[in-house]
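Biologist: Please take one residue of this model and look at it closely. Then show me what surrounds that part of the chain.

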Amino acid sequence: MINMEVLGLRLRYFRLKRNLSVEQVRVYLQLESVQAIYKWENGKCLPQADRLLLLMQLYEIEVEDLLLPTENKLPASINTYRTNARPRLKAYFYFLKGLQ
């Protein structure tokens, strides 16, 4: 299950890391207002898959960076799960990307 609050924090982190304003992200995503971006970053809701793919392109990150926990904070059993889950997550998002 995706923790919306953690995902929101990661979205904000990667936006700031790229020195992007919310307005710049809004323009890139062709949104009418910045409200959706603030909702995503505050963990109120999740971006749709197509928006999530665009955000990953804009922030120059992989799906693992957003959806999977960092290695150094996890017990070994979860790290094993993460290693096994990566190919499935990548395949899923590449499948979604192909539907655009």
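**A close look at one glutamate**

Modeller: Glu41 lies in helix 3, residues 35-41. Helices here are DSSP runs of H or I with at least four residues, strands are runs of E with at least two, and both are numbered from the N terminus. This is a predicted model, in which local features need pLDDT of at least 70 and side-chain atom pairs count only at pLDDT 80 or more, while totals for chains, interfaces and linings use all residues. Numbering starts from 1 along each chain as its sequence is written, and side-chain values use heavy atoms, with hydrogens and water left out.

Is Glu41 buried or exposed? Glu41 has a relative accessible area of 3%, so Glu41 is buried. (Buried means under 20%, exposed over 50%, and partly exposed in between, with a 1.4 Å probe and protein chains only.)

Which residues touch Glu41? Leave out residues up to four places away in sequence, and the partners are Gly8, Leu9, Leu11, Arg12, Arg15 and Tyr59. Contact here means heavy atoms within 4.5 Å.

Now find Glu5. Glu5 belongs to helix 1, which covers residues 4-17. Glu5 has a relative accessible area of 54%, so Glu5 is exposed. Glu41, at 3%, is buried.

Next, look for aromatic rings. The model has 1 aromatic pair. The ring centres of Tyr13 and Phe14 are 5.0 Å apart and the planes meet at 70°, so this pair is edge-to-face. (Rings of Phe, Tyr and Trp, with its six-membered ring, pair if centres lie within 6.5 Å; planes under 30 degrees apart are stacked, over 60 edge-to-face, the rest tilted.) Tyr13 is partly exposed, because its relative accessibility is 47%. Phe14 has 11%, so Phe14 is buried.

Back to Tyr59, one of the residues touching Glu41. Tyr59 is also among the buried residues of helix 4, along with Leu52, Leu53, Leu55, Met56 and Leu58. An α-helix has 3.6 residues a turn, so residues three or four places apart point the same way. Take Leu53, which sits in helix 4. Its relative accessibility is 7%, so Leu53 counts as buried. Glu60 follows helix 4, and its phi is positive, near 55°.

Helix 4 (residues 49-59) also meets helix 2 (residues 22-29): their axes come within 11 Å and cross at roughly 120°. (Axes are lines fitted to C-alpha atoms, for helices over the stretch in contact, with angles from 0 to 180 degrees between N-to-C directions.) Helix 2 and helix 4 are therefore oblique to each other. Helix 2 brings Val25, Tyr28 and Leu29 to the contact, and helix 4 brings Arg51, Leu54, Leu55, Gln57, Leu58 and Tyr59. (Under 35 degrees is roughly parallel, over 145 roughly antiparallel, 65 to 115 roughly perpendicular, the rest oblique.)

Finally, step back. The protein chain has 6 helices and 0 strands. Along the sequence the pattern reads α-α-α-α-α-α. Of its 100 residues, 35% count as buried. Among contacts between residues at least 6 apart in sequence, 62% join residues at least 24 apart.
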